[in-house]
Amino acid sequence: MGSVGLAGLDTLGVAAMVPLMALFTSGDVTSGPVGAMARILGTQDEAHLTIAFAGLVAFVFILKSVCTVPFRWWLVGRTARIAADAAAELMRRYVLSPYEAHRSRRLSEVYRNIGDATGQASTVLLGLVGLFSDLLVLAALALILLWMSPVETLIVIAFFVVLVAGIQRLLRSHQVRLGEDLAEISLQGWQYLMPAFDGFREARLTSSGSSFVDGYRDARRRGALVRRSLSVLSELPKYLLEIGFVLAIVAVAAILFSTGSKDHALSVLAVFAAASLRALPTMNRVTATFGAIRGGQAGLRIVSETVQELDAGADHEEQPRGDVVFGGDIILDGISYRYPDAPALVVRSLSVRIRENETTALVGTSGAGKSTILDLLLGLLPPSEGSITCGGRPISDDLAAWHATVGVVPQDVFLLNATLAENIAFGVRAEEIDIERVREVLGLAELSDVVRRLAEGIDTVVGERGARMSGGERQRIGLARALYRRPSLLVLDEATSALDNRTESEIGETLRHLSGRMTIVIVAHRLSTVRDADNLVFLSRGEAMGEGTFEEVRRHVPEFEELVRLGELS
């Protein structure tokens, strides 16, 4: 509606020029719009009527300019909100997509799609809205001119249709290609930026930081060159149109003076000139908008293809479907798994019972399938065959409810550049954190003494990825985070493999205190971590080769005995 209103004001302003020019050339104050104005004002004085019509023209044009500012404010704000919502929606779909699909994605591509591609796509949306508004204005101006001088107007319209179409045909392929180049360069920039900071320690130790900087600089410079080309190509039609308008006015003047009276010619030319003042910047915007739309087509294509790809997989539900809480023994019954991009099974017909409130250890050499089995147990991957149940209920019935019962301590604990309390209550809004629960789990994770030494206590910011904390402290923060959720199943995925013996012993003591209060599953290489487990499952090539206590498996599985003897688990 705003576009229609602004187009109407532009049309009214140019239309008001017609009686004004008629008043200048004919002096007739009794008929037409001039006569109507004379009757309204109660005067036939030409000076008064001229001032009235001139004031009307000025008022309409000023009103249109004044109204344009809030309309553009609303339009740009609305488009920016849509772009922000689109980026957030794309992020939501990524976050809730299947874990199998996530494993095969490049994070640099994900970041490019959410950030840069949605930005490009938003220029297309803004361009289409602006294009509609500008075309309305041009159509309205054309109607006024057709009423005034149909033959000359049709000639001018035909001239500009051919001129604009030729310009757009010439520029189309270049602008589309440059848009594609910009999307690819954006991806390359992320591929240099991410390892420089996500892998800061490795980049420093390998003296490769400058290499990443050089690569990023090269990508940004190539991006700058592409943007320059896009900008120049978008501005080029402006100069051609200015030349075209001069030629059009000259041609119209020649036709008018050769076919009609001088007064009529001057009147029509004045209206054409007024229309040109409105039409020229509008046509410049139209041609520039075409360029912006083509430049943003690559981003729109990327977003569209990404949405289609993400829609192909079912969204993960983060809210439990019901109030039933999982509990009881966990049974892996004949499960097998093959990754979508791998020909062979990683897990083969595995059957294991994980007893409630006992500690079960999964051990084996590298490539035994431990991590895959853990992902299956956690519900991150669906078994290719078999089933996983807890208390007789398949965990796939309500994965969100299953996840609500699980606390996981990974080998590499991800820490936010936030306070200790916020890291422990990971994902919980700061104002909703249960501080008493935070202090309770700090004690369970043997972190109370550490917190007392910190000047700001639980409000201490731990640094990016926990840079201000030691390795052992990071692992214990991970344990406290897992316990904060009040899990009935605690999973430790190689959580002590990088710790010193003292810290490992402290965490082991914590686990012994928790034993009998919750089900604990430990995946580990180190012998000391799993020696006291109630049940130990030795894995090899995705199969369970033996199960029982540590000593029972050692006696009955030669491969495990050999590993213990060689110290590979110690």
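Predicted model: local features only at pLDDT ≥ 70, side-chain atom pairs only at ≥ 80, totals over all residues.
Biologist: Which strands make up the open sheet of six?

Modeller: The order is β6-β7-β8-β3-β9-β10, with mixed pairing, and two strands pair if DSSP finds at least two bridges between them. At the edges stand β6 (406-409) and β10 (543-548), each with a single partner strand, so one side of each is left without a neighbour in the sheet. On average, and with direction ignored, neighbouring strands of this sheet are turned by 15° against each other; axes here are lines fitted to C-alpha atoms, for helices over the stretch in contact, and angles run from 0 to 180 degrees between N-to-C directions.

Biologist: What about β8, is that one buried or exposed?

Modeller: Five of the five residues of β8 are buried, so the strand is largely enclosed by the rest of the structure. Both of its faces are covered, with Thr519, Val521 and Val523 buried on one side and Ile520 and Ile522 buried on the other.

Biologist: How does β8 pair with β3 and with β7?

Modeller: Strand β8 (residues 519-523) runs parallel to β3, joined by four bridges, and threonine 360 has valine 521 in β8 as its bridge partner. Strand β7 (residues 489-493) also pairs with β8 in the parallel sense, over five bridges, and there aspartate 493 has valine 523 as its bridge partner.

Biologist: Switching to helix α20, which of its residues are buried?

Modeller: In α20 (residues 558-566), the buried residues are Phe560, Leu563 and Val564. Seen down the helix axis, they fall within an arc of 100°, so they line one face of α20; the arc is that of the directions from the helix axis to the C-beta atoms. Pro558 and Arg565, on the other side of α20, are exposed.

Biologist: What covers those buried residues of α20?

Modeller: The cover includes β3 (359-364), β9 (535-540) and α19 (550-556), with contact meaning heavy atoms within 4.5 Å.

Biologist: Which residues have the most contacts inside the largest nonpolar core?

Modeller: Those are Ile424, Leu490, Leu536 and Phe560, in a core of 46 residues; a nonpolar core is a set of buried Ala, Val, Leu, Ile, Met, Phe, Trp, Tyr and Cys residues joined through side-chain atoms within 4.5 Å. Helix α16 (residues 471-484) gives the most to this core, with six residues. Apart from it lies another core, of 30 residues, among them Val347, Ile388, Leu489 and Leu539.

Biologist: What is the order in the sheet of four strands?

Modeller: That open sheet has the order β2-β1-β4-β5, and the pairing is antiparallel. Its edge strands, β2 (347-354) and β5 (393-394), each pair on one side only. Helix α11 (residues 370-377) packs on the sheet and touches β1, β2 and β4, its direction making about 125° with that of β1.

Biologist: Last one, where is serine 186, and what is it in contact with?

Modeller: Serine 186 is in helix α7 (residues 150-198) and is buried, with a relative accessible area of 16%. Leaving aside neighbours within four places in sequence, serine 186 is in contact with Arg112 and Asp116.

Methods:
Residues numbered from 1 in each chain as written. Heavy atoms only, no water. Helix = DSSP H or I, 4+ residues; strand = E, 2+ residues; numbered from the N terminus. Buried < 20%, exposed > 50% of the residue type's maximum accessible area, 1.4 Å probe, protein only.
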